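Dear colleague,

Please find the structure below, with notes on what was found in it. I would be glad if you read the notes with the model open beside them.

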Amino acid sequence: MPPLSEGRYTGPLLTRDAVESMRDALAAGRDRWTGSLDLGCGVDEVALSADAWRWRERGYPWPEHLKERTIHVWDGDGFVAVQRYGGSLIKLVPTEWGAPTFEIDGIKMLPTSQTSPYADAQRKVALVAPRGKQVLDTCGGLGYFARACLEDGVAQVHSFEKNADVLWLRRLNPWSPDPAESGGRLLLVQADVSERIVSLPDRAYDAILHDPPRFGIAGELYSQAFYDQLARVLRPNGRLFHYTGTPNRKTSGRDVPREVARRLAKAGFAPEPVLDGVFATRTSPVMRPPLPRRR
């Protein structure tokens with residue numbers, strides 16, 4: 001398995017395509033290859049020889065049998081796939097855009113068909129205009145929402161992610177932001193936001209980014225009770241973007257975006273469909289049930 005240290009992984013990230021390109025260069029008689037071994041974050045020159053190659057002052061053996069649609073890291077003995085099985089198979093998956101996506105049991109968690117998953121995150125983050133704001137990131141995932149907030153000048157983004165394996169992927173993914181390098185502007189907590197949100201202060205945030213798993217996996221994150229809590233912790237006129245995706249109503253039997261908009265309106269938001277989700281502004285106080293009368 002890949003390294004489990006608390007620090008960030010700084011070694012090469014290999015895909016089958018990158019290694020084949022390096023081998024082609026060697027077969028063509030070249031002793032240098034220029035390209036990226038960190039998923040497009042940078043470009044380096046790699047020294048090539050018949051039995052090894054050298055990247056960033058360190059030598060590595062040629063790997064064998066790399067899997068398709070898979071990212072591989074050096075674990076000290078060889079190159080291994082960035083994937084884990086702990087009840088569900090979770091896997092970091094390369095894309096043509098550089099920034100990877102991830103899958104859980106083969107289900108892609110981020111859109112990649114028409115744009116980079118990071119560029120997609122940037123478009124959605126722009127809707128809440130995070131510059132100078134306190135932002136709640138309910139389901140952090142690979143951290144692309146948080147990274148876009150940091151790049152836009154957020155005051156602080158408070159990010160929750162309950163899945164320990166997703167947090168492990170973040171340490172291996174150079175596109176994921178490192179809280180230690182954020183100057184205190186990224187607070188990343190391993191916790192279930194549906195449970196932790198009740199302890200967050202009233203009106204603590206200027207904006208919320210809510211990117212939950214699909215309804216069938218995490219229905220509690222689409223509930224009226226949870227939306228009431230989102231309204232409670234968001235300041236008046238605060239903005240929210242809620243990713244819903246575009247589930248097929250014919251196969252799912254329900255209109256999830258419409259259900260989301262209706263519940264958000266009941267919680268005190270003014271919602272409207274935007275991109276592949278719902279954008280909403282906090283417009284009115286949350287209606288709380290009356291306390292029982294004392295006898």
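Glu-57 sits in the loop between strand S4 (52-55) and strand S5 (58-61), where helices (H or I, at least four residues) and strands (E, at least two) are DSSP runs numbered from the N terminus. Its phi is near 70°, a positive value in a residue other than glycine, and Glu-57 is exposed, with a relative accessible area of 68%; here buried means under 20% relative accessible area, exposed over 50%, and partly exposed in between (1.4 Å probe, protein chains only). Arg-69, in the loop between S5 and strand S6 (72-74), likewise is not a glycine and has a positive phi, of about 50°, but Arg-69 counts as partly exposed at 47% relative accessibility.

Please keep in mind that this is a predicted model, in which local features need pLDDT of at least 70 and side-chain atom pairs count only at pLDDT 80 or more, while totals for chains, interfaces and linings use all residues. Residues are numbered from 1 along each chain as its sequence is written, and side-chain values use heavy atoms, with hydrogens and water left out.

As for the whole protein, its secondary structure comes to 8 helices and 18 strands, and the C-alpha trace spans about 85 × 45 × 35 Å along its principal axes. Of its 295 residues, 49% count as buried. Among contacts (heavy atoms within 4.5 Å) between residues at least 6 apart in sequence, 59% join residues at least 24 apart.

The largest nonpolar core has 51 residues, of which Leu-37 and Trp-53 touch the most other members; such a core is a set of buried Ala, Val, Leu, Ile, Met, Phe, Trp, Tyr and Cys residues joined through side-chain atoms within 4.5 Å. Helix H3 (residues 144-152) gives the largest share of this core, 6 residues. A second, separate core holds 28 residues, including Ile-197, Phe-226, Val-256 and Ala-267.

H3 itself is largely enclosed by the rest of the structure, because 7 of its 9 residues are buried, namely Tyr-144, Phe-145, Ala-146, Arg-147, Ala-148, Cys-149 and Leu-150. Among the elements that cover these buried residues are helix H2 (117-128), strand S12 (134-137), strand S13 (156-160), strand S14 (186-189) and strand S15 (205-210). After H3 comes Gly-153, whose phi is positive, near 95°.

Asp-192 lies in the loop between S14 and helix H5 (193-196) and is buried, with a relative accessible area of 17%. Its C-alpha atom is separated by 6.6 Å from that of Glu-161, although the two residues are 31 apart along the chain.

Finally, there is a helix pair to look at. Helix H6 (residues 224-233) and helix H8 (residues 256-267) pack at an angle of about 50°, with their axes 9 Å apart; axes are lines fitted to C-alpha atoms, for helices over the stretch in contact, and angles run from 0 to 180 degrees between N-to-C directions. H6 and H8 are therefore oblique to each other, given that angles under 35 degrees count as roughly parallel, over 145 as roughly antiparallel, 65 to 115 as roughly perpendicular and the rest as oblique. On the H6 side, Gln-224, Tyr-227, Asp-228 and Ala-231 meet Val-260, Arg-263, Leu-264, Lys-266 and Ala-267 of H8.

With best wishes
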